[in-house]
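These are my notebook entries on a structure that I went through element by element. The sequence and the coordinates come first, then what I looked up.

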Amino acid sequence: MNSLIRSYGKGLTGIFVTLTAFWLLLLIILPQAFMLDQSLWSIDKDDQLGMKIDRAYSDLGLLEYDAQQATGDTNPAVQEKIDTLKEEIATLEAQETDPPREYGLQNYTRMSSLHFSIFVKSIFYALAVTVLAFAVCYPVAFTIAKLATPQRAALLMLGLIIPYAINELLRVYAWLMILDYQGVINSLLAWMGVVSFADKTWIPFLEYPGSVFVALIYAYVLFMIFPIYNTVETLDKNQLEAAQDLGGSVFLTHWRVVLPHAKPGIAVGCIMTFMLSVGSYSVPQIMTRGKSGDWFSQLIYRQFFETQNWNVGAAYAFSLVLVCLAFILIMMKVFKVGIRDISK
Amino acid sequence: MRGKDVRLEDVVMRFGSFTAVQQTNLTINAGEFFSILGPSGCGKTTILRMVSGFIDPSEGRVLIGGEQMNGIGPAKRPTALIFQNLALFPLMSNWENVAFGLEARGVAKAKRRDRAYELMALVGLQGHEEKTPNELSGGQKQRVAIARALAVEPAVLLLDEPLSALDLKLRQYMRAELKEIQRKTGVTFIFITHDQGEALTMSDRIAVMKAGVVEQVDTVDNLYAHPRTPFVATFVGENNVLEGKISHIQDGFAIVETQQGAIRGINQDKATIGDKAMVFVRPERTKLLNGAALDNTFEVDFERRDLEGAFVNLFFKSDTGSIIVHEANLGQHKELEGRAKIGFNASDAIVMRSGELSDE
């Protein structure tokens, strides 16, 4: 802080600190805290409440009509009924505006077994996407960083980046067109005579979870390649030659020299890919078109916008945040890298 | 460990339109400490990489121990390379670094660990086995690199200026150390350097290179006493140079008409009358005249006296350049000034046809 003031003066330092604090507080801490708080309230909403109130009002109308028509001694009895009904309506309306709520972990613990299985499946799928993305990206990153000539490396890099100038949705739709029943691949197969559109013998790629994997890997490939590329790039080329000179096989060289060096990049790439794919909504939504089961992210969406149960939605979303945090910690432990290495 | 001989036969190396190494024939004997000496960019590292197998020559053959090596990769050659920056693996412990070559050969962990400890003892690094390279000093890292290279029992050890990053004292110490390791192991050492002092102190023989051409291959003594080209004469050790035209030739000697008068020297190139020529004479063979009769004498202006401990360098200015006289420091010449007469014997001077000098 003092060195900041010395280099930039009080005014600028004040602006820096305020902006950072603003960022931390308003954009990170506050929404998460709000989400956490929401997720801890469980509201016992009665779905029939609206109907009950409506019915009570119509009963009330009838009774009031009766009361007007009636004469003599029937009057007090009707009046009594009207009073009871009015009381009832008041309680019901109070319930509607301020339903009975409970503070606690119910939203987390009461996840249905179906939702829980989707939750586990989504984590498993995201892990699979991460592993596959690593398997695809590591060779590419290594090739660009160490094997390609500078010009070719620049071209490869450009080739990787250009698709990202296009909106993510469009990129996913592109894969949809490729993998669709009458998409590019099936058309090619039909042209080769392997499948026939008329007999509907096309290969239903979109019904396999693999299609979501492919689209997810494609969508997040850069997040895996760049961190790995950045660390591999800093590896001294002489170390590769030294390993080669000492008789090291390709596998041994990578296992003992390149991978240990690239650990921080691999950890960052895996963390980013995992978090993005476990929380991805558009890719599974578009690719499966509801034809195969929901991903957890779609479930969260439904809680918020279809069931209108924000508290459960918040609990689900926060569960996902916890999973991501756990994943980060595990990656840091497994790769023996600290926050400092990751932030490099 | 036994050294093997290395032969380059009509080797040429081109990178695109650039010829890094012109047609070269070179034989390095088994068990020899051989240096390739030259300024940066002269092609010495290219030769090293051809021997180690990272590149294959555009033309010609590389043979190690009589076996043709073209097309065989560095992993399969009986060579080990010590890199200029050492290229130790920073994330492995020192013993794992040393044992990497054995790991590559499938030696069991306990066995390669023992061998690594042995080798580290050989290079005087007991107690540092479990540390990482970055916990060691420059000289110690050097020795880890040597042990790592020796672990694969190479017949030829290639060293790419490995001492250039060390400070002077350590460098001098490591020279002796390297020489000792070479003697103990009997491995052929090929040492790349731009430092002529380093090459002279360690080598049995030296090849001097310039711009892709091997100018001279000779023993250390011959190289210093009988340089073959003006470049070698000025790159290896220091030489005073006098330029002129040959006016007489007689009994293997030539007389060159220079601006300092007629100078007589050995006619090494068998040059003929009228040729443009250079006379080279070592500073330690150039004398201040104090009554001694010398074959060639001339007058120059005294410039300065540099003390180098045991030696003293006297700098003189002539019409064409500077002349250095190198003497043992016996406390003399403290009051030297003005014009001085210097000279040297004809048998200490070499006359060559004019050529390119080293600019270092």
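I class a residue as buried under 20% relative accessible area, as exposed over 50% and as partly exposed in between, with a 1.4 Å probe and protein chains only. The model is predicted, and I kept to its limits: local features need pLDDT of at least 70, side-chain atom pairs count only at pLDDT 80 or more, and totals for chains, interfaces and linings use all residues. Residues are numbered from 1 along each chain as its sequence is written, chains are lettered from A and ligands numbered from 1 in the order in which they are written, and side-chain values use heavy atoms, with hydrogens and water left out.

Entry 1, salt bridges. I counted as a salt bridge a side-chain nitrogen of Lys or Arg within 4 Å of a carboxyl oxygen of Asp or Glu. Over all chains the structure holds 26 of them. I looked up B:E161 and B:K44, whose side chains meet in a salt bridge at 3.5 Å, N to O. This pair links distant parts of the chain, 117 residues apart: B:E161 is in the loop between β7 and α5 (168–185) of chain B, and B:K44 is in helix α1 (residues 44–52) of chain B. Both B:E161 and B:K44 are buried. For helices I used DSSP runs of H or I of at least four residues, and for strands runs of E of at least two, numbered from the N terminus.

I next took B:E118 and B:R115, whose closest N and O atoms are 2.9 Å apart in a salt bridge. The two lie three residues apart in helix α3 (residues 109–122) of chain B, about one turn of the helix. B:E118 counts as partly exposed because its relative accessibility is 49%; B:R115, at 23%, is partly exposed as well.

The salt bridge of B:R175 with B:D195 has its closest N and O atoms 3.8 Å apart. Here too distant parts of the chain are linked, 20 residues apart, with B:R175 in helix α5 of chain B and B:D195 in the loop between β8 (188–193) and α6 (196–202) of chain B. B:R175 has 12% relative accessibility and so counts as buried, whereas B:D195 is partly exposed at 22%. I also noted a network of salt bridges that links A:R256, B:E96, B:E103 and B:R112.

Most residues other than glycine have a negative phi. I found a positive phi near 50 degrees at B:D10, a residue of strand β1 (residues 6–15) of chain B. B:D10 is partly exposed, at 37% relative accessibility. B:E153, not a glycine either, has a positive phi of about 45 degrees. B:E153 sits in the loop between α4 (138–151) and β7 (156–160) of chain B, and its relative accessible area of 49% makes it partly exposed.

At what angle do helices α5 and α13 of chain A pack? Helix α5 (residues 113–147) and helix α13 (residues 296–305) of chain A pack at about 135 degrees, with axes 8 Å apart. The contact (heavy atoms within 4.5 Å) is made by A:H115, A:I118, A:F119 and A:S122 of α5(A) and by A:F296, A:L299 and A:Q303 of α13(A).

Technical notes. Axes are lines fitted to C-alpha atoms, for helices over the stretch in contact, and angles run from 0 to 180 degrees between N-to-C directions.
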